[in-house]
Amino acid sequence: MNIGIIGAAAGVTALAWVVVGRRHGRAHLPAAVVLAAVVSLVVTLSFVSSGPREGEDLYGLVESLSLIALLGLMARWSPVRQAVPAGVLGGVAASTWLLRYVMPASPLEGIGMCAFWALGVMAAVAVGAYLRSLDTRRARAVRDERAAQRLRLARDLHDFVAHDVSEMVAQAQAGQVVGVGDPGQALAALQRVEQAGLRAMATLDRTVLDLHAGPGLEGLAELAARFSSAGRARVGLRVDDRLDVSEETAAMAYRVVVEALTNVRRHAPEATLVEVAVRAEGGMLVVSVDDDGGGVAQEEGRGGFGLPSLTAQVEAMGGHLRAAAARGGWTLVARLPLAP
């Protein structure tokens, strides 16, 4: 029996185990690497003890390439404490397979052969580590954006809400002074108080929605009803009752709808209908919001900071968000993982 096929089968099986079990593959990686590396080292020791053999080098190449792929994936996804010992073992196994088929003239030559093949291992680990650093930088950018958003909300509360409330107080005081002698001026003062109050309420509403993570999918009905009662646009809501999503995904879906409705209120006041749909499709949760507020005309006006920030948060959890003009209005579609 060709013993080399055992090592190749172990390497390919471990790689397939990780790739096929994508959702849990990150937890499997160190175990898969250790298993494949142990089998590889045992096969190598068997070859070395019995002398080099010919005709099985293809199996060794497949085995080594499988280990190298596993090491690259582990460098990207696995926790450092687990990845380092498993990586050392896997690197040794992937670098020494040549000793099965070539008898070095001296120990120095053997070290040189293994070191040359180890370059492939180091390249795979370097690529995995680089992709890992990109993920880390993206997560840090999302955190920085959230901090900047909190600062912006604090400035909004101070600059706008405080100003509107102080104006309400001033107008109420003025109405008390002039109201006795001139009812017309008192009525005008009350109207100005009402306008300032409406502005303050709008600012508070936007601020609270931004700060509140959202109750999830169960809160969409109340959100749609509240939006419909506050303006001319009516919200049509369709949510699949059979959805089974994680709490994090449900909260992000709620935030997507909040941002879309806020943009309709700000940039498409002429909209009369907003269609909101939440459904499962292709293993993802799809949230779509469409309005009839004239998307082409409003496209330039929807370039604020809300959508870029929301896009970064959606992508950080493995999803995708797209917003564009469509069918005489505006459409926003977010695809979120059913589980984070």
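Good morning. According to UniProt, in an unreviewed entry, the feature "transmembrane region" is placed at residues 31–51 and 110–131; these positions follow the numbering used here, with feature names shortened, and such annotations may be inferred rather than shown by experiment. What we have is a predicted model, in which local features need pLDDT of at least 70 and side-chain atom pairs count only at pLDDT 80 or more, while totals for chains, interfaces and linings use all residues. Residues are numbered from 1 along each chain as its sequence is written, and side-chain values use heavy atoms, leaving out hydrogens and water.

Residues 110–131 are 100% helix and 0% strand, and their end C-alpha atoms lie 32 Å apart. Helices (H or I, at least four residues) and strands (E, at least two) are DSSP runs, numbered from the N terminus.

I turn now to the strands. Strand 1 (residues 234–239) and strand 2 (residues 273–281) run parallel, joined by 6 bridges; strands pair if DSSP finds at least two bridges between them. R234 stands opposite L273 in strand 2.

Next, D290, which belongs to strand 3 (residues 284–291). Is this residue buried or exposed? D290 counts as buried because its relative accessibility is 16%, buried being under 20% relative accessible area, exposed over 50%, and partly exposed in between (1.4 Å probe, protein chains only). Leaving aside residues up to four places away in sequence, D290 touches L273, V274, E275, R327, W330 and T331, where contact means heavy atoms within 4.5 Å.

Finally, L307 lies in helix 10 (residues 306–316) and is likewise buried, at 12% relative accessibility. L307 and A260 are 47 residues apart in sequence, and their C-alpha atoms are 8.7 Å apart in space.
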